[in-house]
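Try each task before reading its solution.

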Amino acid sequence: MRAHSSEKEEAEQRSPQGRTTGFADTDPFAGPHHHLPRAAGNAAVARAIARERQEAHGEARQAAPQTVGPDRGSGAAPIQRTADEELREAKTPEQIVAALKKSGHSEDDAWELMKYMTSQQFPAGEGQADFDILGSIKSASEQLQKVKAVRRKMAAPLMAKRWTIRHYTGSDPNTPPGFQEIASTYDNAAAGRASEHTNVADWRSLGNIKFTFYLVAVDGQVPPRNWLNNTHWYAEWDLEQIPECWVSPDLLERMNKPMDADGARAAMQGARAFRGTGAQLKELLAISAFGAGNDPASALDTAIGGAFELKVPDGLPVAEWHKK
C-alpha cells in the first residue's frame, strides 16, 4: 500500500479516532449501499466447475467445506467453494502473495482481490452469504445525484480551492526517496521490497493489498497526523485527475477481529466509504466539509467519521519529490 521500503511506516502509527459527524441531517453520504457487480470466471470457479464435471463422470473428489454458491444458469449444479486455508494462515507478505498465486487470484484487479481476501478472512457460516466488502462502499456518483442545488452552491468556494493527494515518506531530511513510483503492497512483496513496518493484519482484514494510500490536501494543507513528524518528503497529484479511487476512515479497528460473514457485514454497517473518480469524490467531500472555515482538510476526518484515507488501485508514478 505504501511505497517501497517505507510503504506502511505511517500506517503503523495511525490511530482510528471513530469521531461522530456533524452532517447527519443533510449529509449526501447517507443512503443505501452501492452493490458493485460480482466478477465471474476466476481460476477458483474454473477449478470448481472442473470438479463438478469429474463428479458427473464418476470420478472421486474431496468434499468442499465451504458454502454452496448460486446456480450458474438454468439447470446448472451449484458450485462448491473451497476454503483457501493457505491464504488464511499466511503470516508474511511473501506467504500472502504465494497463496494468491496458488489460488489463481494473483491476477485479480485491486477491487476483486480485496473482495476475495475479505471473503476468506470472514468465511460464511451455515446459511450465510459470502461477505462482499464492495457492498459496503457506496457510489459517489449515486450520492451526488441526491445533493440539492443549494448545497452545491454553498460548497462552490471550497470546490474552487486546489485539491491534491499526497504520499508522504522519507526519514532522511537531506536525501529524497530513491524510487519513482508509489507501488502497492502486492507489487512490493512480489518484488521482495516489503517493508519491515508493514501491518499484515491490515491486508488480511481489509484485503487492500493492491491499493496505494494517500492524504488529501486542500490548498496544500493536509489533516493532522502524528506520523507526519517522521517524514520529510512527499509526492503530489491533482485529485481531479485520478480516474478511480475510494475514501474511508481507517477501517482496521472495525475489522481486525475474528468474525464470520454476517459479523463482518455488521461491523461495516455505518462505515463511510465511497468510490468514484477523483473529481466526484472531491465534490462529495467539499459538499460535506464546506463549513470548515480555514481548516477544510481537518474537516475531512469529521465528514468521513474517522482518520481519513484515500486509496488508489495499483500505484502512481512520481514526477517529483517535494521537501516538506
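**Exercise 1.** Which are the buried residues of α12?

Solution. This is a predicted model, in which local features need pLDDT of at least 70, side-chain atom pairs count only at pLDDT 80 or more, and totals for chains, interfaces and linings use all residues. Residues are numbered from 1 along each chain as its sequence is written, and side-chain values use heavy atoms, with hydrogens and water left out.

Start with the terms: helices (H or I, at least four residues) and strands (E, at least two) are DSSP runs, numbered from the N terminus. Buried means under 20% relative accessible area, exposed over 50%, and partly exposed in between (1.4 Å probe, protein chains only).

Next, list the buried residues of α12: Pro296, Ala297, Ser298, Ala299, Leu300, Asp301, Ala303 and Ile304. Helix α12 (residues 296-304) is largely enclosed by the rest of the structure, because 8 of its 9 residues are buried.

**Exercise 2.** Find the network of salt bridges that links Arg162, Arg166 and Glu236.

Solution. A salt bridge is a side-chain nitrogen of Lys or Arg within 4 Å of a carboxyl oxygen of Asp or Glu. First take Arg166 and Glu236, whose closest N and O atoms are 2.8 Å apart. This pair links distant parts of the chain, with Arg166 in strand β2 and Glu236 in strand β5, 70 residues apart. Both Arg166 and Glu236 are buried.
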